[in-house]
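Keep the viewer open as you read.

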Amino acid sequence: MPAPDLRDQQQGPTPAGQSPAGVEPRSGPERRGSRPAGRRGWVPLLVAVVIGAGVGILGTVLHLHFSWIGGSTTEEGAWVLPWGAVLALLLVASSQLWWTLRSSLAWTGGVVAIAAFTTAMVMGNWPGLDTFAVAANDYTFAVVPGPAIAGSVWVWGIPVVAIITMLSAQPLLRHPVARD
């Protein structure tokens, strides 16, 4: 009587966690390092967009807080400290870094920053009153320098902070273990 052919039978992993010879490891959610299938692949993207939009809204509301250092607007030598814009940029950086490390995907931090920048631009260019933004031109820098400087720091600081955060997150990401 010939021996049965074991290659055709489906066998599970051995108690030590090793698959028997000739049997491929299972593919499924329990396999580490595999890309999730279906809607779960879109979850990091959607969460990044929601986080970025929230950060963009909060930062746009927060960025117009500033203080005068060395006098008031009429005195010579006075300068603006846009502390609201600095805090808003710290919010962007921390949210971007947190979601990049939480999701273990480098691109999700970029999506957070893009969504924050897009939200800030949409709120700044919303039709109607200039509630959330002041134009950055010679006139506004002369008449209302505080809001003009704070707005410029906020809008143009988002891409700078995004790049710095993405570069600093790279060494912190978890790398999968190399397999033989």
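**Following helix H2**

Start where H2 and H3 meet: the two cross in a right-handed sense. Keep in mind that this is a predicted model. On the H2 side, the contact is built from Val-92, Ser-95, Gln-96, Trp-99, Thr-100 and Ser-103. H3 answers with Ala-106, Thr-108, Gly-109, Gly-110, Val-112, Ala-113 and Ala-116. Sort those residues by class and you get six nonpolar, seven polar and no charged ones.

Now for the geometry. Two packed helices are described by the angle between their axes and the distance between the axes. For H2 and H3, which spans residues 106-124, the angle is about 150° and the axes lie 7 Å apart. Angles over 145 degrees count as roughly antiparallel, so H2 is roughly antiparallel to H3.

Zoom in on Ser-95, which sits in helix H2. Is Ser-95 buried or exposed? With a relative accessible area of 14%, it is buried, because the cut-off for buried is under 20%. Skip the neighbours within four places in sequence, and Ser-95 is in contact with Ile-51, Val-55 and Val-112. Val-112 also turns up in the H3 list of the helix contact.

H2 has another partner to look at. Helix H2 (residues 83-103) packs against helix H5 (residues 145-169) at an angle of about 25°, with the axes 9 Å apart. H2 and H5 are therefore roughly parallel to each other, since angles under 35 degrees count that way. The crossing of H2 and H5 is right-handed. From H2, the contact takes in Ala-85, Ala-88, Leu-89, Val-92, Ala-93, Gln-96, Leu-97, Thr-100 and Leu-101. The H5 residues include Ala-150, Trp-154, Gly-157, Val-161, Thr-165 and Ala-169. By class, the contact of H2 with H5 comes out at 15 nonpolar, four polar and no charged residues.

Time to zoom out. The protein chain holds five helices and two strands, and along the sequence they run in the pattern α-β-β-α-α-α-α. Of the 180 residues in the chain, 29% are buried. Its accessible surface comes to about 12,400 Å², with 65% of that belonging to carbon and sulfur atoms. As for how the chain contacts itself, take the contacts between residues at least 6 apart in sequence: 66% of them join residues at least 24 apart.

Terms used:
Residues are numbered from 1 along each chain as its sequence is written. This is a predicted model: local features need pLDDT of at least 70, side-chain atom pairs count only at pLDDT 80 or more; totals for chains, interfaces and linings use all residues. Side-chain values use heavy atoms; hydrogens and water are left out. Axes are lines fitted to C-alpha atoms, for helices over the stretch in contact, and angles run from 0 to 180 degrees between N-to-C directions. Helices (H or I, at least four residues) and strands (E, at least two) are DSSP runs, numbered from the N terminus. Angles under 35 degrees count as roughly parallel, over 145 as roughly antiparallel, 65 to 115 as roughly perpendicular and the rest as oblique. A crossing is left-handed if the near helix is turned anticlockwise from the far one by less than a right angle, and right-handed if clockwise. Contact means heavy atoms within 4.5 Å. Ala, Val, Leu, Ile, Met, Phe, Trp, Tyr, Cys and Pro count as nonpolar, Asp, Glu, Lys and Arg as charged, and the others, Gly among them, as polar. Buried means under 20% relative accessible area, exposed over 50%, partly exposed in between (1.4 Å probe, protein chains only). Accessible areas come from the Shrake-Rupley method with a 1.4 Å probe; for residues, only the protein chains shown count as cover.
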